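Please open the model in your viewer and keep the selection tool at hand.

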Amino acid sequence: MPMERKDIDLIKELMPCVRCGQCRSVCPVFLAKGVESDAPRGKVALVRALLEGKLEPSKALSEKLDQCLLCQTCVQDCPSGVRVDRIIIAARERLAELRGVPFRKKVLTRWLMPNLGRLQPLIALASRMQNLFGGKVVAGNYRLPRYPMPLIGKRLLPHLTGQTLHTLVQKRPKNRKGAQRIIFFSGCMITYVNPGIGQAVMEVLQRNGVDVVVPKEQVCCGLPSLAAGDPETFEGLRQHNLKVLRENDYDAIITACASCGSTLKEHYGPELPMKIYDFSEFLIDQVKLSPPLLRVEKTVTYHDPCHLRKSQRIKSQPRSLLKRIPGLSFQDVKDPDRCCGFGGTFSLNYPSLSQQINDTTVKQLVETNAEMVVTSCPGCMLHLANGLYRCGSKAQVVHLAEVLAASYGPMTEDGETE
């Protein structure tokens with residue numbers, strides 16, 4: 001394989017790895033499989049061998065590099081500061097150039113994710129048809145499929161309401177003039193699958209004097225395309241979103257999905273005139289928080305999404321918000337930064353491995369005896385709900401915004417508590 005300039009830059013990126021092995025002690029994939037080539041330092045060695053021409057590009061190599069959650073646990077613990085996540089993404093891109101993007105990835109990153117808006121008319125139809133394929137509704141408003149389904153098997157599915165966040169926004173009362181005006185970048189899962197989370201985010205922000213707008217023209221942040229080694233599709237999505245986000249003069253951009261937030265901060269932030277905040281970060285650090293007053297008589301624990309705790313360094317703010325809710329008893333987990341094993345398409349491509357990683361995380365959540373597991377990522381929510389159901393737990397999985405909205409209480413048309 002002829003070496004290009006970007007290959008030389010990538011070699012410089014991985015050179016600081018001294019193979020100390022610290023990454024082996026924390027990598028969820030290595031801990032599950034126990035194979036050296038599945039450890040971060042093993043993957044770095046494979047990438048270097050590929051770039052130096054000692055290893056041919058192959059399906060087996062692609063699969064090895066695909067078996068990375070991009071959770072950044074190794075990055076967080078690396079004493080040399082090696083950005084393994086960036087190395088893996090760059091290597092996937094190089095392999096895609098040499099071998100092409102697999103058909104399955106093309107369907108997801110080039111057709112489905114950039115065109116989710118076109119599927120909006122089908123949401124209502126899908127919600128009516130789910131009774132045919134989805135069985136009983138379990139804790140947290142998820143459904144257990146009656147039969148194994150393509151890609152997902154018999155894992156839990158979100159219960160569809162027939163609404164999207166855009167349709168819910170149209171039915172909401174107009175914002176009152178607030179002290180701050182923000183854009184809510186809701187992301188794909190919240191917009192089309194979990195619109196109730198988006199509604200809760202908006203309610204909590206409005207209770208704290210913030211005007212909220214949800215641009216209908218926003219599209220996927222592009223992380224699935226970037227992670228798949230498809231930078232061309234990612235850049236197209238990024239440029240579209242940058243245009244949408246620049247169109248109006250707002251004080252900030254808020255995200256309520258950890259993956260969207262980390263992607264926007266790293267790849268969008270330098271080209272935007274306003275700052276990007278996670279929902280919890282904004283409430284704690286940027287506004288004078290109105291205290292939630294209604295009691296939530298629950299024992300809860302909190303799961304840190306990897307893209308929030310490790311990528312954005314946000315861990316105290318969600319806990320601070322939970323501890324302000326009257327009646328709520330908080331129990332933290334033993335290893336709060338343990339990955340849940342979701343990793344977006346990772347859980348679809350490697351379901352057994354993903355579930356094995358998830359089982360370890362769920363076991364610690366169950367040990368807290370929490371009635372409710374709170375997190376800040378819709379993907380983590382789905383994966384944790386499935387894991388808890390598999391082990392027989394009755395704990396409900398909810399988004400941080402939903403718990404806060406419940407403690408603030410229902411809103412009247414003028415934006416006050418009923």
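Helices here are DSSP runs of H or I with at least four residues, and strands are runs of E with at least two, numbered from the N terminus. The model is a predicted one, in which local features need pLDDT of at least 70 and side-chain atom pairs count only at pLDDT 80 or more, while totals for chains, interfaces and linings use all residues. Residues are numbered from 1 along each chain as its sequence is written, and side-chain values use heavy atoms, with hydrogens and water left out.

**First stop: a helix with a salt bridge**

Select residues 231-246, which form helix α13. Within this helix, Arg 238 and Glu 235 lie three residues apart, about one turn. An α-helix has 3.6 residues a turn, so residues three or four places apart point the same way. The two residues form a salt bridge, with their closest N and O atoms 3.0 Å apart; the term denotes a side-chain nitrogen of Lys or Arg within 4 Å of a carboxyl oxygen of Asp or Glu. Is Arg 238 buried or exposed? Arg 238 is buried, because its relative accessible area is 8%; buried means under 20%, exposed over 50%, and partly exposed in between, with a 1.4 Å probe and protein chains only. Glu 235, at 31%, is partly exposed.

Select Arg 295 and Glu 297, whose side chains meet at 2.5 Å, N to O. Arg 295 is exposed at 57%, and Glu 297 is exposed at 51%. Next, select Glu 52 and Lys 54, which are joined by a salt bridge of 3.3 Å, N to O. Glu 52 is partly exposed at 31%, whereas Lys 54 is exposed at 66%. Finally, highlight Arg 19, Arg 24, Glu 36 and Arg 41, which are linked in a network of salt bridges.

**Third stop: the nonpolar cores**

A nonpolar core is a set of buried Ala, Val, Leu, Ile, Met, Phe, Trp, Tyr and Cys residues joined through side-chain atoms within 4.5 Å. Which residues have the most contacts inside the largest core? They are Phe 184 and Phe 279, in a core of 60 residues. Select Phe 279 and display its surroundings: leaving aside neighbours within four places in sequence, its contacts (heavy atoms within 4.5 Å) include Val 201, Leu 205, Ile 254 and Leu 404. A second, separate core has 39 residues, among them Cys 23, Val 47, Val 84 and Phe 234.

Select residues 258-267, helix α14. Seven of its ten residues are buried, so the helix is largely enclosed by the rest of the structure. The buried residues include Ala 258, Cys 260 and Leu 264.

Gln 317 belongs to helix α17, residues 316-322, and counts as buried at 10% relative accessibility. Its side chain makes polar contacts (N or O atoms within 3.5 Å, one able to donate a hydrogen and the other to accept it; residues adjacent in sequence count only if both atoms are side-chain atoms). One of these, of 3.3 Å, joins it to the side chain of Asp 285, and another, of 3.4 Å, reaches the side chain of Ser 316.

Select Ala 45 in helix α3, residues 40-51. Ala 45 and Asp 249 are 204 residues apart in sequence and 47 Å apart in space, C-alpha to C-alpha.
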